[in-house]
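Here are some notes for a colleague who is opening this structure for the first time. Please read them with the model on screen.

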Amino acid sequence: MKIKILAFGIIADIVGKSEWTIENIQQTDDLKKHLENLYPRLKSMKYAIAVNLVITSGNFELTDGAILALMPPFSGG
Amino acid sequence: MTNKKIKKVFIEGPITPSFIADAIAKHNTKKDIGAHSIFLGQVRNDILNGKEVKAINYTAYNEMAEEKFHEIREIAFEKYSLTCMHIYHSLGGVNSGEISLFVFTSSKHRKDAMEACTFIVNRIKEEVPIWGKEIFEDESYIWKQNTP
């Protein structure tokens, strides 16, 4: 199972990339844990997760081919 | 999502005063309009840790942002009695003193145009996935945070 991940704003800076794919992750909580282990700075950060353009809440079940976006607080305008 | 055409919102670089003037001029044939309300967001030269912001570089999750803009338009049209509505937002670099957001609402009477304009600006700041990177004179930067 493959998930495409997009990172924006300060999160893209922290992880050092804005787009990649990841395998064997089933749920958004697993992904968060995985990323926070790799990039401890994420632990203290507030960010939303969108799956296929919809912002998720709680632990969200992922499906093959999903596009997941890591979004820090918006600052448009 | 309705199947209505998604309008182009993003403009590369600053929104120029002549673009805004043209947008106003285009409404002179719509004679049932009695009020326009316009919001212009301008890049401010904030001083942060002794350094002056010279520009903001905007990036967005385009696909989601376009959907959100569309959603906000639809809600505003439902909620207020508007004749028309235009939203433009910059992507890429915008220098301090230049315009990065242009919201333009028109209605028969001023109340709808004015309230809708405020409503739309608030929703954009809260809901549209756009990020501003504030760039200082020495090219260092911080990620902008919106004031509620």
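**Notes on the two chains**

1. Start where the chains meet. Across the interface of chain A and chain B, eleven residue pairs are in polar contact, with both partners at pLDDT 80 or more. That threshold applies because this is a predicted model.

2. Now the extent of the interface. In total, 17 residues of chain A are in contact with 22 residues of chain B. The two chains bury about 1,700 Å² between them. Carbon and sulfur atoms account for 61% of that area. Three residues stand out on chain A: A:L53, A:F74 and A:G77. They supply 42% of the area that chain A buries against chain B, more than any other three residues.

3. How many salt bridges are there between chain A and chain B? The count is zero. A search of the whole structure, over all chains, finds seven salt bridges.

4. One salt bridge is in chain A. The side chains of A:K4 and A:E19 meet at 3.4 Å, N to O. A:K4 lies in strand β1 (residues 2-7) and A:E19 in strand β2 (residues 19-23) of chain A, so the pair ties together parts that are 15 residues apart in sequence. A:K4 counts as partly exposed, at 30% relative accessibility.

5. Stay in chain A for a loop residue. A:T56 is found between β4 (54-55) and β5 of chain A. Is A:T56 buried or exposed? A:T56 counts as buried, because its relative accessibility is 15% and the cut-off for buried is under 20%. Leaving out residues up to four places away in sequence, A:T56 touches A:I49, A:A50 and A:V51.

6. Turn to the helices of chain B. Helix α2 covers residues 62-79 of chain B and has 18 residues. Helix α2 of chain B reaches 25 Å from its first C-alpha to its last, close to the 26 Å expected at 1.5 Å a residue. Its buried residues include B:M64, B:F69, B:I72 and B:A76. Among them are also B:K68, B:H70 and B:R73. Helix α3 (residues 110-127) of chain B also has 18 residues. The end C-alpha atoms of α3 are 26 Å apart, which agrees with the 26 Å that α3 should span.

7. Look at what α3 of chain B packs against. The buried residues of α3 pack against β2 (35-42), α2, β5 (84-95) and β6 of chain B. Among these buried residues are B:A113, B:F119, B:I124 and B:E127. B:E127 has a relative accessible area of 19%. The side chain of B:E127 also meets that of B:R123 in a salt bridge of 2.6 Å, N to O. B:E127 and B:R123 are four residues apart in helix α3 of chain B, so about one helical turn separates them.

8. The loop between β2 and β3 (47-48) of chain B holds B:N45. B:N45 is partly exposed, with a relative accessible area of 37%. A polar contact of 3.0 Å joins the side chains of B:N45 and B:E52. Apart from residues up to four places away in sequence, B:N45 touches B:E52, B:V53 and B:S96. The C-alpha atoms of B:N45 and B:M64 are separated by 29 Å, with the two residues 19 apart along the chain. B:R44 forms a salt bridge with B:D46, with the closest N and O atoms 2.7 Å apart. B:R44 is exposed, at 56%, while B:D46 is partly exposed, at 22%.

9. Finish with B:T105, in strand β6 (residues 99-107) of chain B. B:T105 counts as buried, at 0% relative accessibility. The side chain of B:T105 reaches the backbone oxygen of B:A113 at 2.7 Å. Neighbours within four places in sequence aside, the contacts of B:T105 include B:A35, B:L82, B:C84, B:A116 and B:I120.

Terms used. Residues numbered from 1 in each chain as written. Chains lettered and ligands numbered in written order. Predicted model: local features only at pLDDT ≥ 70, side-chain atom pairs only at ≥ 80, totals over all residues. Heavy atoms only, no water. Contact = heavy atoms within 4.5 Å. Buried area = accessible area lost by both parts, 1.4 Å probe. Salt bridge = Lys/Arg side-chain N within 4 Å of Asp/Glu carboxyl O. Polar contact = N/O pair within 3.5 Å; in protein donor to acceptor, adjacent residues only side chain to side chain. Helix = DSSP H or I, 4+ residues; strand = E, 2+ residues; numbered from the N terminus. Expected span 1.5 Å × (residues − 1). Buried < 20%, exposed > 50% of the residue type's maximum accessible area, 1.4 Å probe, protein only.
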